[in-house]
Amino acid sequence: MSDTDSSTSPTATADKLAVVETLYRYAAGLDLRDKDLLASAFADDAVADFGPATKKAGQEYPPINGRETIVPALLGSLSHLDTTHSLSNPRVTLDGDTAHLEGIMACQHLPREDHSRHVLMTNRYDVELVRSGEVWVIQRVTVDNAWTEGDPTVLAGIERTQA
């Protein structure tokens with residue numbers, strides 16, 4: 001753990017807030033279907049692993065490699081849904097130009113044509129980030145499901161992307 005991680009120095013505080021902001025860009029990019037905003041959250045060679053969460057739902061979803069694959073895969077998978085993703089309890093540790101974030105993401109999914117159905121997933125996010133110029137970006141994100149409520153068939157049609 002670096003000295004800046006354990007302190008409340010303005011630099012450490014600003015870095016921790018910027019790390020959390022990366023997950024806010026990710027969530028807003030998904031919910032607004034904003035390709036550029038979502039892409040701004042990932043490193044070029046990022047890895048997104050939703051396998052632990054999807055395995056609990058009885059599905060296989062292999063890790064997705066590279067920002068140019070991740071962004072269209074996520075946006076395509078959710079294209080038939082209206083979603084909200086809300087981050088809570090973020091815990092950030094810093095080590096120079098790398099960071100680790102653990103947090104909870106509540107993910108509400110409703111079919112775009114039928115809001116009478118929904119599935120709410122509360123997922124644990126384990127995220128490795130790197131500094132890229134003035135911003136932080138996701139190097140690797142692993143998502144595991146804590147619990148699910150509602151109709152899981154709402155997620156039917158989510159594409160499984162081979163990376």
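Strands (E, at least two residues) and helices (H or I, at least four) are DSSP runs, numbered from the N terminus. This is a predicted model: local features need pLDDT of at least 70, side-chain atom pairs count only at pLDDT 80 or more, and totals for chains, interfaces and linings use all residues. Residues are numbered from 1 along each chain as its sequence is written, and side-chain values use heavy atoms, with hydrogens and water left out.

Start with His-100, which sits in strand 4. His-100 counts as buried because its relative accessibility is 18% (buried is under 20% relative accessible area, exposed over 50%, partly exposed in between; 1.4 Å probe, protein chains only).

Next, show the surroundings of His-100. Beyond four places in sequence, its contacts (heavy atoms within 4.5 Å) are Arg-91, Val-92, Thr-93, Asp-126, Val-127 and Glu-128. Select Glu-128: its side chain and that of His-100 are joined by a polar contact of 3.4 Å (N or O atoms within 3.5 Å; within protein, one able to donate a hydrogen and the other to accept it, and residues adjacent in sequence counting only if both atoms are side-chain atoms).

Now select residues 98-111 and 119-132. These are strand 4 and strand 5, paired antiparallel over 12 bridges; pairing takes at least two DSSP bridges between two strands. Find Ala-106: its bridge partner is Thr-122 in strand 5.
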